[in-house]
Number of protein chains: 2
Amino acid sequence: MPRAATTADVFNAIAEPRRREILDLLGNGKEHAVGDLVLRMRMPQPAVSKHLGVLRKVGVVTVSKRGQLRLYRLNAKELKPVHDWVKTYERFWTHQLGRIKERAELKMAQQLAKQLTKHKEEEPC
Amino acid sequence: MPRAATTADVFNAIAEPRRREILDLLGNGKEHAVGDLVLRMRMPQPAVSKHLGVLRKVGVVTVSKRGQLRLYRLNAKELKPVHDWVKTYERFWTHQLGRIKERAELKMAQQLAKQLTKHKEEEPC
DNA sequence: TTGACATATTCCTATATGGGAATATACTTC
DNA sequence: GAAGTATATTCCCATATAGGAATATGTCAA
């Protein structure tokens with residue numbers, strides 16, 4: 001069996017650095033035309049289009065047509081499986097920093113509680 | 001240029017599902033002999049050894065010899081780059097849940113603050 | 001229609017794969 | 001040393017690349 005296709009799942013799709021770069025450019029949540037991405041990536045248009053094709057196939061980006069432009073937009077929720085998987089290992093490098101982090105969180109808690117008890121009735125919606 | 005090697009970086013290494021499975025098995029932080037992994041993975045020993053070779057090369061596992069056994073151990077901190085990258089997209093699927101989460105956190109803050117002010121002087125180290 | 005622009009697709013090639021089978025290496029015990 | 005066990009490596013092959021070059025498709029404007 002050969003290596004799984006890049007379009008097999010999101011893990012394979014994001015293995016390529018340039019594709020992660022594209023996702024980073026789309027990270028502001030706005031639509032980007034292919035030409036815009038080509039300029040920012042400084043790589044030939046066909047290459048960008050091909051990478052976008054892979055990202056499209058795994059669903060991590062969506063495309064809409066506006067005139068002759070194709071506007072790509074991030075569909076970040078498709079990255080959640082990656083996040084969920086790797087998050088289970090977070091404790092391995094957070095554990096030592098945990099003490100510091102806990103301190104900070106407690107301090108935050110105090111401040112928040114103070115704020116809350118100060119003007120009790122507020123927050124709309 | 002062909003696709004980057006699976007040993008090029010951790011992103012390529014974890015693109016393969018069986019390799020993620022191996023990492024999951026090592027997720028308890030303990031040492032595991034190859035034979036143990038072979039049994040649990042239900043796949044031929046050479047295949048497991050080859051996957052372990054990839055994981056070794058990118059540093060996400062370490063190996064130590066004990067007699068004729070090779071004991072593999074997770075080196076999870078090498079997964080941090082993956083976590084760091086994907087974490088920047090967390091907001092995209094947390095944002096809607098954000099309101100609920102904020103409420104919960106505020107409540108926690110109140111409780112923590114109460115606990116803190118109750119018996120002020122404690123916690124060693 | 002014709003041309004100009006934006007994007008996608010096709011064709012090419014060198015390279016790497018994952019699995020199976022067979023074999024090599026290393027250690028342990030007799 | 002010989003046999004047995006644990007693990008790694010080599011050889012094989014079908015398949016899939018990523019990038020470059022060229023071309024096709026689709027859209028706008030005059």
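Visitor: Which residues in helix 2 of chain B meet helix 3 of chain B?

Guide: Arg18(B), Glu21(B), Ile22(B) and Leu25(B) meet Leu37(B), Arg40(B) and Met41(B) in helix 3 of chain B. Contact requires C-beta atoms, placed from the backbone, within 7 Å. Helices are DSSP runs (H or I, at least four residues), and strands are E runs of at least two, numbered from the N terminus. This is a predicted model: local features need pLDDT of at least 70, side-chain atom pairs count only at pLDDT 80 or more, and totals for chains, interfaces and linings use all residues. Residues are numbered from 1 along each chain as its sequence is written, and chains are lettered from A and ligands numbered from 1 in the order in which they are written.

Visitor: At what angle do helix 2 and helix 3 of chain B pack?

Guide: Two packed helices are described by the angle between their axes and the distance between the axes. Here helix 2 (residues 17-25) and helix 3 (residues 34-41) of chain B pack at about 120°, with axes 11 Å apart. Axes are lines fitted to C-alpha atoms, for helices over the stretch in contact, and angles run from 0 to 180 degrees between N-to-C directions.

Visitor: How many bridges join strand 2 of chain B to strand 3 of chain B?

Guide: In a regular strand the side chains alternate between the two faces of the sheet. Six bridges join strand 2 (residues 61-66) of chain B to strand 3 of chain B, running antiparallel. Pairing takes at least two DSSP bridges. Val63(B) has Tyr72(B) as its bridge partner. In this hairpin, with two residues between the strands, Gly67(B) takes a positive phi near 65°.

Visitor: What does strand 1 of chain B pair with?

Guide: Strand 1 (residues 32-33) pairs with strand 3 (residues 69-74) of chain B, antiparallel, over two bridges. Ala33(B) has Leu71(B) as its bridge partner.

Key: Contact = placed C-beta atoms within 7 Å.
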